[in-house]
Amino acid sequence: PLTDLFNQRVFNDMMAYEIKRAERHKYSFALMIIDCDNFKPINDNFGHAFGDKFLQTVADILENEKRDEDIVARYGGDEFTIILPECDENGAMAVANRISKKIESEKLIAPDGTKVGITISVGICVYPRHTVSQKDMFVIADSMMYQAKEEGKNSIKLPDQQDVSEILKQNQEKSALLIKAIENDQIIPYFQPIKPSSKDNEIVIHELLMRIKQDDKIVSAFEYVEIAEARGLINTMDLMVIEKAFKQINETNYLGVLFINLSPKSLIMGDFINKINHLANVYNIKRENIVFEITDSETVNNFSLFKK
């Protein structure tokens, strides 16, 4: 509703459709991932209403500067995607440059009267030159976008074959590490305290975060979540971490509230909720002390099942 663009779910459907069409008609097409530079400080400094105006401005420019046949979506937050049918690397670079220049020339008047500039970082992947897999196309374009950010923002990155090999190799290594961590029971809970602002209040709320034991160090599971969701491993990991947390609550007689991050993908797995109910019974967990926080990293295709 905010930007009048397609959402992540429609984008995923369109990508699947475009891959089939490109395969059938033997043409190439491009995927562009666009991220707004410095959006968070703008949102923090000038408020959400101005942040919304900022996103609407970017969305309007993307719609106006793309080719007629291109499909623009807001993937989430300040990240946008464009599917460019029948388009090669040169065509994608031309569209990206046009969009980037137009956005860079735009100035918004902030609530305090100052002018605020906008820039974007863009990553591109081309089918079938770089890959023929929908998942890998996204991974490659996304990695190139982050590379553009790391190299100083306000730029466009197109991968060469070495980039592609490296990105996919890293992804495979992360997948292998995840499977090993699950098999060896190395998914562990971490209780992050949520502190009240007044000094004398004790901590009565924790957020449950997931960590992975890797050799002799503990790493955040954050950078593995997307891969876990794509590989269908996330619900196993969520259940492992919840069971260990419940066990710890039981053993330490923790009486506070626990916020648990859950992937929407886990929630719609057949008996996931039944399993959590079973664990709550086994470890004597007070249900009113558990709050589920649905992560927005992945949208849900089957919304009626999700609501149920």
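Guide: Rings of Phe, Tyr and Trp (its six-membered ring) count as a pair if their centres lie within 6.5 Å. The model shown here is predicted.

Visitor: How many aromatic pairs does a search of the whole structure find?

Guide: The search covers the whole structure, and the number of aromatic pairs found is seven.

Visitor: Of what kind is the pair of Phe11 and Tyr75?

Guide: A pair of aromatic rings is described by the distance of the centres and the angle of the planes. For Phe11 and Tyr75 the centres are 5.6 Å apart and the planes stand at 85 degrees. Planes over 60 degrees apart count as edge-to-face, so the pair of Phe11 and Tyr75 is edge-to-face.

Visitor: How many residues apart in sequence are the parts that this pair ties together?

Guide: Phe11 belongs to helix H1 (residues 8-25), and Tyr75 belongs to strand E2 (residues 71-76). The pair therefore ties together parts whose separation in sequence, in residues, is 64.

Visitor: Is Tyr75 buried or exposed?

Guide: Buried means under 20% relative accessible area. Tyr75 has a relative accessible area of 16%, so Tyr75 is buried.

Visitor: Which residues form one aromatic cluster with Phe11?

Guide: Phe11 itself is buried, with a relative accessible area of 3%. The residues that form one aromatic cluster with Phe11 are Tyr75 and Phe138.

Visitor: How are helices H8 and H10 placed to each other?

Guide: The axes of H8 (residues 234-252) and H10 (residues 272-282) come within 10 Å and cross at roughly 15 degrees. Angles under 35 degrees count as roughly parallel, so H8 and H10 are roughly parallel.

Technical notes
Residues numbered from 1 in each chain as written. Predicted model: local features only at pLDDT ≥ 70, side-chain atom pairs only at ≥ 80, totals over all residues. Heavy atoms only, no water. Axes fitted to C-alpha atoms, helices over the stretch in contact; angles between N-to-C directions. Helix = DSSP H or I, 4+ residues; strand = E, 2+ residues; numbered from the N terminus. Parallel < 35°, antiparallel > 145°, perpendicular 65-115°, else oblique. Phe/Tyr/Trp six-rings, centres within 6.5 Å; stacked < 30°, edge-to-face > 60°. Buried < 20%, exposed > 50% of the residue type's maximum accessible area, 1.4 Å probe, protein only.
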